[in-house]
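Here's a quick briefing to read with the structure open next to you. It starts at a loop and then moves on to the helices.

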Amino acid sequence: MVTFFCLFLLFLYCMYFIKNPYFKIKKIPIKRSLEMLITEISLGIIVFLFILLPIKQGIIVFFLSESVLLCVLLELWFRVPAINLDNRLKKEERIMLVDEARKDFKSIVPIVVILTLMMLFDFLKW
């Protein structure tokens, strides 16, 4: 029963991104690229695997948590190509949004490195 519920939630998660194919930077909507959709759906799958798997420790949880961090980094990295592919944007808006997307990516990298080290040290403790 829990499996069906999680699959239903995964279905709703995927339908949300199909229904709402835009993300916003500085209140300007930008159409998501196919790569962004794939990373968001894989992030949803990984989160629901966390719910489904009863394992509380071990290498599986370590790799799943590292996959979440990788998906978040890829999501932020794929914003720049999505901005460049959106034809509705003017050149000045595109340049400003690319700079903002790169700044967002650079600001999250130290947090991801710290979380990776925390997970690695916690994993090596076992």
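## Briefing: loop, helices and buried spots

K26 sits in the loop between β1 and β2. Bear in mind that this is a predicted model. The protein has five helices and two strands, and from the N terminus on the order is α-β-β-α-α-α-α.

- K26 has a phi near 55 degrees, a positive value in a residue other than glycine.
- With 53% relative accessibility, K26 counts as exposed, because the cut-off for that is over 50%.
- K27 is in the loop between β1 and β2 too, and its phi is near 65 degrees, again positive in a residue other than glycine.
- K27 also counts as exposed, at 78% relative accessibility.

**The whole chain**

- The C-alpha trace spans about 50 × 35 × 20 Å along its principal axes.
- Of the 126 residues in the protein, 31% are buried.
- Take the contacts with a separation of 6 or more: 65% of them come from residues 24 or more positions apart.

**Helix α5**

- α5 covers residues 91-125, and its 35 residues should span 51 Å at 1.5 Å a residue; the end C-alpha atoms are 51 Å apart, so expectation and model agree.
- There is a bend of about 25 degrees in α5 at V109, and a proline, P110, follows within four residues.
- On the buried list for α5 you'll find L97, V98, E100, A101, F105 and V112.
- The cover over those buried α5 residues includes both strands, β1 (22-25) and β2 (28-31), along with helices α3 (59-77) and α4 (79-85).

**How α3 meets α5**

- The axes of α3 and α5 are 10 Å apart, and the helices pack at an angle of about 175 degrees.
- That angle is over 145 degrees, so α3 and α5 count as roughly antiparallel to each other.
- On the α3 side, the contact is made by I59, F62, S65, E66, L69, L73, L76 and W77.
- On the α5 side, the contact is made by D104, F105, I108, V109, V112, L115, T116, M119, L120 and F123.
- Sorted by type, the residues of this α3–α5 contact come to 14 nonpolar, two polar and two charged.

**Helix α3 by itself**

- α3 has 19 residues, which should span 27 Å at 1.5 Å a residue; the end C-alpha atoms are 26 Å apart, which agrees.
- Its buried residues are F62, L64, S65, E66, L69, C71, E75 and L76.
- What covers the buried residues of α3 includes α2 (34-52), α4 and α5.

**Helix α2 and E40**

- α2 also runs for 19 residues, and from first C-alpha to last it reaches 27 Å, close to the 27 Å expected at 1.5 Å a residue.
- Buried in α2 are M36, T39, E40, L43, G44, I46 and F48.
- How buried is E40? Its relative accessible area is 6%, which means it counts as buried.
- Leaving out residues up to four places away in sequence, E40 touches Y13, F17, R32 and E75.

- R79 lies in helix α4, and at 17% relative accessibility it counts as buried, because the cut-off is under 20%.
- R79 touches F23, I25, M36, A101 and D104, again not counting residues up to four places away in sequence.
- A82 is found in helix α4 as well, and it is buried, with a relative accessible area of 2%.
- Which residues does A82 touch, not counting those up to four places away in sequence? They are F23, I30, K31, S33 and M36.
- A82 and M36 are 46 residues apart along the chain, and their C-alpha atoms are separated by 8.1 Å.
- F23 and M36 turn up in both contact lists, the one for R79 and the one for A82.

Notes. Residues numbered from 1 in each chain as written. Predicted model: local features only at pLDDT ≥ 70, side-chain atom pairs only at ≥ 80, totals over all residues. Heavy atoms only, no water. Expected span 1.5 Å × (residues − 1). Bend = angle between axes of the 7 residues up to and from the residue. Buried < 20%, exposed > 50% of the residue type's maximum accessible area, 1.4 Å probe, protein only. Contact = heavy atoms within 4.5 Å. Axes fitted to C-alpha atoms, helices over the stretch in contact; angles between N-to-C directions. Parallel < 35°, antiparallel > 145°, perpendicular 65-115°, else oblique. Nonpolar A, V, L, I, M, F, W, Y, C, P; charged D, E, K, R; others polar.
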